[in-house]
Amino acid sequence: MKTKNYVLLLLLTLSVFSFNACSQPNNKKFKINDSIMKKELNAEEKRVILNKGTEAPFIGEYTDNFEEGVYTCKQCGSELYTSSSKFHSGCGWPSFDQEIPGRVKKVLDADGRRTEIVCAKCDGHLGHVFYGEGFTQKDTRHCVNSISMVFIKKEDVKKAETKTEVAIFAGGCFWGVEYYFQNAPGVLKTQVGYIGGHKANPTYKEVCAHTTGHVEAMEVTFDPTKTNYETLAKLFFEIHDPTQLNGQGGDIGEQYLSEIFYTTETQKEIAEKLIQILEKKGYKVATKLREATKFWSAENYHQQYYEKTGGTPYCHSRTIRF
Ligand SMILES: [Zn+2]
């Protein structure tokens, strides 16, 4: 009997809350901006985020979450609220007294009475905002559906902020190429290996026998906030001779050809631009551009070769060309 009463009470609470707080008739279809990267939504997420529905109170994932971090839009990833603006309201939905400036748009609700809040970037429905309830000093309550958001813990926010980019250059013996890149500003990691051939897991012996079609190359991982692809590609053109057709220095053969393996269209455009600049300066550039395929890491003894052995490259040196 008691369980039955409880269920009845819960149902009553649900209906009252869903009418007075975040709910709205599902008659207004969401207009999407197709230029924004969006996550694919499941049926319940679509009901709330696209069709402006409301999740039931007290069941959302973040109602009682008070960990430090940031709440992002489930659909587009835009940061909406920080945990410092979250407070306990008892209403059954996550409550915030302030949005991250510019990230939340307020519009008159279809009911002509309440103020709806949507993600400013993708227009995804978040909930409603209420004023004058006296919960916090800001006297504002953003009543947000948990399902409209993804919470990212403080420590994970930091990790996500360090985005990296990868570039791949081939310009003769990979020991010498790596020597000039491993300490360049903004470079996080370098490794030497093989690319462009037709065999999985090629060995140095196979590549030297010219049976696999690979070239010796170096993969550089960099921090795009500290350097950029253009700077690194210019360095590449200056530490080897991009006009040599058949190899590099005394290293002759397909494994030593000058090639750029671009990982994005932007990298390709930058590389093309730099080649044009060099050609205008009179260089007959032999460097080929190819879309990057799988990069196979070389054997350990080839990695950071000169750092380990204390030597200097035998056929690479820096010549200013830009
Ligand atoms: Zn969004």
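Two strands pair if DSSP finds at least two bridges between them. Keep that rule in mind for the sheets that follow. The model is predicted.

Start with the strands S1 and S9. Gly 69 stands opposite Lys 153 in S9. Strand S1 covers residues 69-73, and five bridges tie S1 to S9. The two strands run antiparallel. They belong to an open sheet of three strands, ordered S2-S1-S9, with antiparallel pairing. Strand S2 (79-82) and strand S9 (149-153) are at the edges of this sheet. Each has a single partner strand, so one side of each lacks a neighbour in the sheet. From one strand to the next, the twist averages 30 degrees.

A second open sheet has six strands. Its order is S3-S4-S8-S7-S6-S5, and the pairing is again antiparallel. Here the edges are strand S3 (86-87) and S5, each of which pairs on one side only.

Follow the S5 end of that order. Strand S5 spans residues 104-108 and strand S6 spans residues 115-119. Five bridges join S5 to S6, and the strands run antiparallel. Val 104 stands opposite Cys 119 in S6. Val 107 has Glu 116 of S6 as its bridge partner. What links the two strands? S5 and S6 form a hairpin, with six residues between them. In the turn, Gly 112 has a positive phi of about 70 degrees. As a general point for reading such strands, side chains in a regular strand alternate between the two faces of the sheet.

Now step back to the chain. Its secondary structure comes to eight helices and 17 strands. Of its 322 residues, 34% count as buried. Take the contacts between residues at least 6 apart in sequence: 70% of these join residues at least 24 apart.

Turn next to the helices. Two packed helices are described by the angle between their axes and the distance between the axes. Helix H6 holds residues 229-239 and helix H7 holds residues 265-280. Their axes come within 10 Å and cross at roughly 45 degrees. Angles under 35 degrees count as roughly parallel, and 65 to 115 as roughly perpendicular. H6 and H7 are therefore oblique to each other. Their crossing is right-handed.

Which residues make the contact between H6 and H7? From H6 come Tyr 229, Glu 230, Ala 233, Lys 234 and Phe 237. They meet Gln 267, Ile 270, Ala 271, Leu 274 and Leu 278 in H7. By class, the contact has seven nonpolar, one polar and two charged residues.

Tyr 229, Leu 232, Ala 233, Phe 236, Phe 237 and Ile 239 are its buried residues. The elements that cover them include strand S10 (165-171), helix H4 (174-181), strand S12 (215-222), strand S15 (258-262) and H7.

How many residues of H4 are buried? Eight of its eight residues are, and H4 is mostly covered. The buried residues are Phe 174, Trp 175, Gly 176, Val 177, Glu 178, Tyr 179, Tyr 180 and Phe 181. Among the elements covering them are S10, strand S11 (187-195), S12, H6 and helix H8 (305-309).

Thr 225 lies in the loop between S12 and H6. Is Thr 225 buried or exposed? Thr 225 has 11 other C-beta atoms within 10 Å, so it is exposed. The cut-off for exposed is 12 or fewer. Thr 225 and Lys 163 are 62 residues apart in sequence, but their C-alpha atoms are 8.6 Å apart in space.

Gly 196 lies in the loop between S11 and helix H5 (204-208). Gly 196 counts as buried because it has 23 C-beta neighbours inside 10 Å, and the threshold is 20 or more. Which residues does Gly 196 touch, leaving out residues up to four places away in sequence? The contacts are Gly 213, His 214, Val 215, Glu 259, Phe 261, Arg 290 and Thr 293. Ala 217 is 21 residues from Gly 196 along the chain, and their C-alpha atoms are separated by 9.4 Å.

Note on methods:
Residues numbered from 1 in each chain as written. Predicted model: local features only at pLDDT ≥ 70, side-chain atom pairs only at ≥ 80, totals over all residues. Helix = DSSP H or I, 4+ residues; strand = E, 2+ residues; numbered from the N terminus. Axes fitted to C-alpha atoms, helices over the stretch in contact; angles between N-to-C directions. Parallel < 35°, antiparallel > 145°, perpendicular 65-115°, else oblique. Left-handed = near helix turned anticlockwise from the far one by under 90°. Contact = placed C-beta atoms within 7 Å. Nonpolar A, V, L, I, M, F, W, Y, C, P; charged D, E, K, R; others polar.
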